[in-house]
Amino acid sequence: MTEIRFSGFGGQGIIRCGLITGKALSLYDNKHATMTQSFGPEARGSACSSQLVVSDDRVLYPYISIPEILISMSQEAYEIYEPELSEDGILIIDKDLVKMNPARGKIKTYSVPSTRFAEELGNRITANLVMLGFFSSVTSVVSADAMKKALPGLVPGRFLDLNIKAFDKGYDYGKEILAKEKKSKTPTQKGKK
Amino acid sequence: MKKDNPTKKQNPITDLLRMDRIPHIWCPGCGIGTVLTSFAEALRKSEIDLDKVAVLSGIGCTGRVAGYVKMDSIHTTHGRAVPVATGVKLANPEMKVVVFSGDGDISGIGGNHFIHAARRNMDIMIICVNNFNYAMTGGQVAATTPKGANASTAPYGNFEYSFNLPYLAEASGATYVARWTALHLRRVTKSIQEALGKRGFSFIEVITPCVTLYARRNRLGDGLNLLKYYHEKSEIQHGADTRTVDISYQGKLIVGKFVDIDKPTFLDCMNEHLGKVLGDKYQPYGVNND
Amino acid sequence: MKKVKADPKGVLSGSHYLDGDYAIAEGGLAAGCRFFAGYPITPSTETAERFSERIPSVGGVFIQMEDELASIAALIGAVWGGKKSMTVTSGPGFSLMMENIGLACMMETPLVIANVQRGGPSTGLPTLTGQQDMMQVRWGSHGDYKIIALSPDSPQECFDLTIEAFNLSEIYRVPTFVMTDECVGHMHEKVVIPPAEEIELVERKWYTGPKDQYLPYKNDKDMIPFMIKIGDGYRFHTTGLTHDERGYPVINAECQDVCVRHLNDKITMNADKIIRLEEDEIDNAEIIVISYGITSRVTTRAVRQARKAGIKVGTIRLITVWPFPEKRINELAKKVKAFVVPEINYGQMVLEVERCAAGQTPTVHVPHCGGWVHDPDDILKAIKEAAK
Amino acid sequence: MVHFGNLKPKKGKIHIEKDMCKGCAFCVEYCPKDVLELSEEFNVKGYHPPVVIKEDDCLYCQLCETICPEFAIFVTLKEEEEEGEKGESRP
């Protein structure tokens, strides 16, 4: 079972992140994925998050307790949700929007300039898709194929291509990072106890 | 329609009433029966198929009308006849839907439903029997009680402003608005007939004597005295500006047909708009028996 | 009871990733609901939104009314006008509907109301969960009547039970409720919608006899009177007043006795046919946890841990909440050490369990005032305590 | 409907269901020809129902029929009755 939290501020497509990932997992990756969301009464701007509980069997308890993966696309969301992240969890942030505190425990951090990439692609609204691409490549929780299949109906039809492009951008960036990590890790591996 | 049987004479209205429920519960001198006769007369004259007329009422003296008419009829809860009528109309657009209710029902507890049905131009007719008080519960002050009149919950006289119902109806979007008194029998019939022939939200207010409560408490005499008051103080002003037709205590009663316009109904608007936006995906609703 | 297949026009067959609110709307459309009147209220609004989007191409009407009183009133009109109808609401809106829920019961009007519960009283917690309308749904309108209420624990069940609610409401001519909550309502999961030909629906019990002999409230053998549709020439009357077989008001104690007994008996006497429970490891259980809706999912976690700790725990999930499974609970009360009842309120269905246990065994309540689901540890603690 | 060429005044026959009457006297007051009068007798409910005092004066205007809140009074066309014709009985 894996618990995932997507977080950011309202308007960034945080809920959509949960929906796309949940749909991809349950309809195309043969998993059970329960998505819940929490938001304040404001429609825009406040901290918001969507949560996914992913499991091979039916999800019973629908909420996350100690997530293994936290995605934060805003400073406020990071401050609120980081302390809940599992000590050996994975933290994924938007490089430009989140200023990290000193790392805690064995938390692994990945950062991606998702908003900047999205702007470079022509529309900052696709930052969440860059983030999703990055998330799927660095965590392998969900397949890229399933994610792309999940997009129709969840992103506007006329922006489908742009969204796929954004996803790929994040996905490829994630692969690059992993490759670099592997490279730099291999020598130090011996030194590890 | 059934012709009079020449061998056994009976009141032609009996065709339209559940005679097993008559005599009705209304007091001597009450005008609701008179308004009901005018309604029946209008139905007869318009030669409408009575199977396609539904009568709905709320609660109160006038609310009992639904139980006396021999048509599809629903006696609903206090104030809610208008939304129930909305449901009947939308489920079955071929019906002529008539709400027969009192002033308390329409403008007091059901006021919100009244203005919204008018705003939508829901194709229903409202006959509002206005007797200036809550009669069934014992003559309490109502939204229509003229300033200065006494009521059981306004024992020192009513000091609140009262509703000018034709103005309220027109401002809310009604396409047919008329006011008469129970004495204007033929005019009431004609207005109902006209409204039956129209599509859209129509509102007919009929000022009606409440002898037992309103008249007695205000020492206005019996039913005949009230009819005399209607006779003396009524002034027919067709097309009058509805802003000017409010009623003061025992004051002038401006009556007539105030509004008679045509505009698309709720279903017309829905069909036109959704047809335009959805194209072939949309099948007009309620057209050709859906 | 005449069974028919669902009209494919309303059935969105296939696998979807939907929240409970949307699934309710899809369940309604699949069940043949062609009239929806509602008023926006969190957390139920998505059902109305989905209806407004989907119903125009299915051949029905969506109307947003001026308030909840009007919504339920319009439903009653539409049902007598021949349509299957539903609405959706939450706490405060549910309170506003109470008067006409009574009218629907009195007129024996089949319709479906989904209540996506939130924390109360009053405005309470609009965006957060609760199970606090469980007694209101049973007793909220004045007078004596009985209703049917179901409690889904997932978006899939929101779909399935909305269809079942329509079927039950048509069979028993009674308002039927889908009592879900914010958690399930806003939770997204996979929902599989079967092909239309696999969805079995109950057709309204239409009267077909001679027009002049129609009596709207004359009981058939199964206690349920026949229905007609406005406009078909029956010139019938129905009223919220105590009435006889003809639908005419009769204001006396004798008629009230017949009328009210009927409204209650038709549910009570058919309770065995209506009630659906999900039982797990009941046979050797020392403790039985009784729950419904989202709480039963939360409970499972606690139960697993308790079993690991060697406690013999069985569970009962109430799929039908009303009528309450009195007989079964009473029977089990003779055998077990205790019942444990977690629910997201300060004590509602637990009162029923206690009543049916009738002093034979203790009932332990695990209350939660709303805003969140239980911490499974709290339920576990109660199980352990009860097992001592 | 107006029938030209037949201007013979119509004659009405008034039928009163005495026991339905509640004695409001609307019919008596508003009959343009003063055909009716409240009777001395009591009906089953204790009201004085109207009686016809000048039937020949009735012009078949049916005002009494329409104004009666109790549906207790109605008028038929006299000619039709005498000649047994199935003429238009309603105006």
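Buried area is the accessible area (1.4 Å probe) that two parts lose on being put together, summed over both. The model here is predicted. In it, chain C and chain B bury about 3,400 Å² between them. Of that area, 58% lies on carbon and sulfur atoms. Three residues of chain C stand out: E66(C), I230(C) and R235(C). Together they supply 21% of the area that chain C buries against chain B, more than any other three residues.

Now count the residues in contact. Chain C contributes 41 residues, and chain B contributes 43.

Turn next to the polar side of the interface. Between chain C and chain B there are 21 residue pairs in polar contact, with both residues at pLDDT 80 or more. Four salt bridges also cross the interface. One of them joins the side chains of D20(B) and R246(C), at 3.4 Å from N to O.

Which elements of chain C each supply at least two residues of the side that touches chain B? They are strand 4 (61-64), helix 3 (68-80), helix 4 (91-106) and strand 12 (237-239). Helix 3 of chain C gives the most, with seven residues. By residue class, the side of chain C that touches chain B divides into 20 nonpolar, 13 polar and eight charged residues.

Look here for S73(B), which stands opposite H237(C) in strand 12 of chain C.

How values were computed: Residues numbered from 1 in each chain as written. Chains lettered and ligands numbered in written order. Predicted model: local features only at pLDDT ≥ 70, side-chain atom pairs only at ≥ 80, totals over all residues. Heavy atoms only, no water. Contact = heavy atoms within 4.5 Å. Polar contact = N/O pair within 3.5 Å; in protein donor to acceptor, adjacent residues only side chain to side chain. Helix = DSSP H or I, 4+ residues; strand = E, 2+ residues; numbered from the N terminus. Nonpolar A, V, L, I, M, F, W, Y, C, P; charged D, E, K, R; others polar. Pairing = 2+ DSSP bridges.
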